[in-house]
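Take a look at the chain and its ligand.

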Amino acid sequence: MDNKKIPCLDLKGQHQQVKAEIFAQFEKVFENTAFSGGPFVSAFEEDFAKFCGTKYAVAVNNGTSALHLAMLALGIGEGDEVIIPANTFIATPWGPTYAGAIPVFVDCTSDTWEIDASKIEEKITPRTKAIIGVHLYGQPFDVDAVKAICQKHNLFLVEDAAQAHGAKYKGTRVGGFGEMACFSFYPGKNLGACGEGGAITTNNESYYKHLQSLRNHGSTERYYHDEVGYNYRMGGLEGASLKVKLQYLEGWNNRRRAVAHRYLTEITNPKINMQVQPSDTESIFHLFVVTSNEKEAFVKHLTENNVMPAFHYPVPCHLQKAFAHLNYKKGDCINAEYLAENCVSLPMFAELSDEDVSTVIGIVNKF
Ligand SMILES: *Cc1c(COP(=O)(O)O)cnc(C)c1O
């Protein structure tokens with residue numbers, strides 16, 4: 001019996017593959033001492049906008065900053081409300097919170113685990129300004145349904161695409177469906193920097209210009225500050241590493257899709273539920289999350305067999321202590337709560353071998 005553990009995520013294989021190419025670019029960043037913003041970041045922005053099919057991309061220091069600046073560029077602030085799915089990473093509600101606005105949490109559906117569009121309208125008040133839809137685990141949310149609500153109630157739509165670089169909804173890549181889309185290049189994301197990073201994509205020139213100013217101390221002309229701004233610039237090394245890795249992204253995403261396809265078709269254990277994939281979406285499978293009513297026993301079974309699980313995410317946003325002042329209680333978002341209590345992430349990354357995928361499937365089916 002071999003004791004090799006199969007990790008949920010291992011970034012080493014990916015970086016072995018691209019290290020030489022990235023280091024060659026790092027040399028150039030050093031030669032130009034272009035460490036903050038600069039030509040290597042601009043070159044990446046251009047490529048990333050092209051990849052997303054949007055006119056513009058503004059690179060920032062991380063995905064949380066992207067969400068913060070998207071709110072500011074839309075003029076969202078004190079007393080405003082922003083609708084968000086309850087089951088997302090905490091950075092989604094940080095965006096409006098940093099801007100002084102209030103996140104309003106909506107439940108997800110029981111099968112796709114995406115924001116439940118049929119539960120949005122009951123949460124809209126005269127203070128509601130925007131909806132942030134999250135393409136969760138790499139799968140696009142129901143964009144048409146959410147967009148229709150935005151149009152009807154005159155709300156902004158922002159995509160949180162931090163887990164969905166390259167995912168498609170009705171054949172179109174995410175990033176251009178709303179006013180803006182926010183991406184993260186945290187190392188573990190499908191496209192991850194050698195460091196931290198984020199970006200906002202948009203087709204609107206005035207948002208684009210405003211975002212450029214906001215990330216750079218509120219200035220368009222050096223040492224003249226027209227509004228309160230932030231130092232949210234991306235570093236040159238991060239930009240250079242992302243430009244190299246972006247060339248590989250579609251290949252890596254396709255490999256994840258192949259792994260996911262095997263999980264979806266070969267995991268046949270009735271005790272395991274998987275995220276339903278609507279036919280008009282093409283997920284990039286940032287994570288492969290399953291649920292089980294017997295989560296504890298399932299996790300024990302996996303770890304005893306050297307398959308290392310993770311949990312995305314164990315506490316839904318509306319029940320986080322940081323938002324206790326908003327007075328949500330258990331039962332407010334039952335599907336998100338079920339998911340939080342019973343979710344288990346299976347190993348998912350492009351470098352997983354076919355043999356390891358077979359091992360995971362066999363062990364899951366034996367539970
Ligand atoms: C990772 C992530 C973010 C935040 O990105 P950082 O770069 O870590 O700040 C935002 N939203 C979602 C859904 C994420 O998964």
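Find K119 in the loop between strand 3 and strand 4. The model is a predicted one.

Now look for V106. K119 and V106 are 13 residues apart along the chain. Their C-alpha atoms are separated by 6.6 Å.

## P103 in strand 3

Strand 3 covers residues 102-106. P103 lies in this strand. Is P103 buried or exposed? P103 is buried, because its relative accessible area is 3% and buried means under 20%.

P103 and A86 are 17 residues apart in sequence. From C-alpha to C-alpha, they are 9.6 Å apart in space.

## Around the ligand

How many residues surround the ligand? The answer is 15. The closest are G63, T64, D160, S184 and K189. By type, the shell holds 5 nonpolar, 8 polar and 2 charged residues.

In T64, an N or O atom of the side chain is 2.5 Å from an oxygen atom of the ligand. In S184, the corresponding distance from a side-chain N or O atom to a ligand oxygen is 2.7 Å. K189 has a polar side-chain atom that lies 3.1 Å from an oxygen atom of the ligand. The protein covers 93% of the ligand's accessible area, which is 380 Å² for the ligand on its own.

## The pocket and its helices

Which pocket does the ligand take up? The space taken by the ligand is the largest pocket. Two elements give two or more residues to the shell: helix 3 (63-73) and helix 4 (91-98). Helix 3 gives the largest share, with 3 residues.

Q139 sits in the loop between strand 4 (128-134) and helix 5 (143-153). Its relative accessibility is 0%. Q139 therefore counts as buried.

Compare sequence and space here. Q139 and S283 are 144 residues apart along the chain. Yet their C-alpha atoms are separated by 4.1 Å.

Next comes H286, in the loop between strand 11 (281-282) and strand 12 (288-291). H286 counts as buried, because its relative accessibility is 8% and the cut-off for buried is under 20%.

Which side chain does the side chain of H286 contact? The partner is the side chain of N190. The two make a polar contact at 2.9 Å.

## Two positive phi angles

The loop between helix 6 (205-214) and helix 7 (236-266) holds H217. Y223 lies in the loop between helix 6 and helix 7 as well. Phi of H217 is near 65°, a positive value in a residue other than glycine. Phi of Y223 is near 70°, again positive in a residue that is not glycine.

How is each one covered? H217 has a relative accessible area of 35%, so it is partly exposed. Y223 reaches 65% relative accessibility, so it counts as exposed, given that exposed means over 50%. Y223 can also be compared with P187. The two are 36 residues apart in sequence. In space they are 33 Å apart, C-alpha to C-alpha.

## A cis peptide bond

Which residues does the cis peptide bond join? The bond joins H312 and Y313. Its omega is about 5°. Y313 is in the loop between helix 8 (295-304) and helix 9 (334-342).

Notes
Residues numbered from 1 in each chain as written. Predicted model: local features only at pLDDT ≥ 70, side-chain atom pairs only at ≥ 80, totals over all residues. Heavy atoms only, no water. Near = heavy atom within 4 Å. Polar contact = N/O pair within 3.5 Å; in protein donor to acceptor, adjacent residues only side chain to side chain. Areas by Shrake-Rupley, 256 points an atom, 1.4 Å probe, with all protein chains shown as cover. 1 Å grid on protein atoms, 1.4 Å probe; cavity = no way out; pocket = protein on both sides within 12 Å on 5 of 7 lines; lining within 4 Å. Sits in = over half its atoms within 2 Å of the grid points. Helix = DSSP H or I, 4+ residues; strand = E, 2+ residues; numbered from the N terminus. Nonpolar A, V, L, I, M, F, W, Y, C, P; charged D, E, K, R; others polar. Buried < 20%, exposed > 50% of the residue type's maximum accessible area, 1.4 Å probe, protein only.
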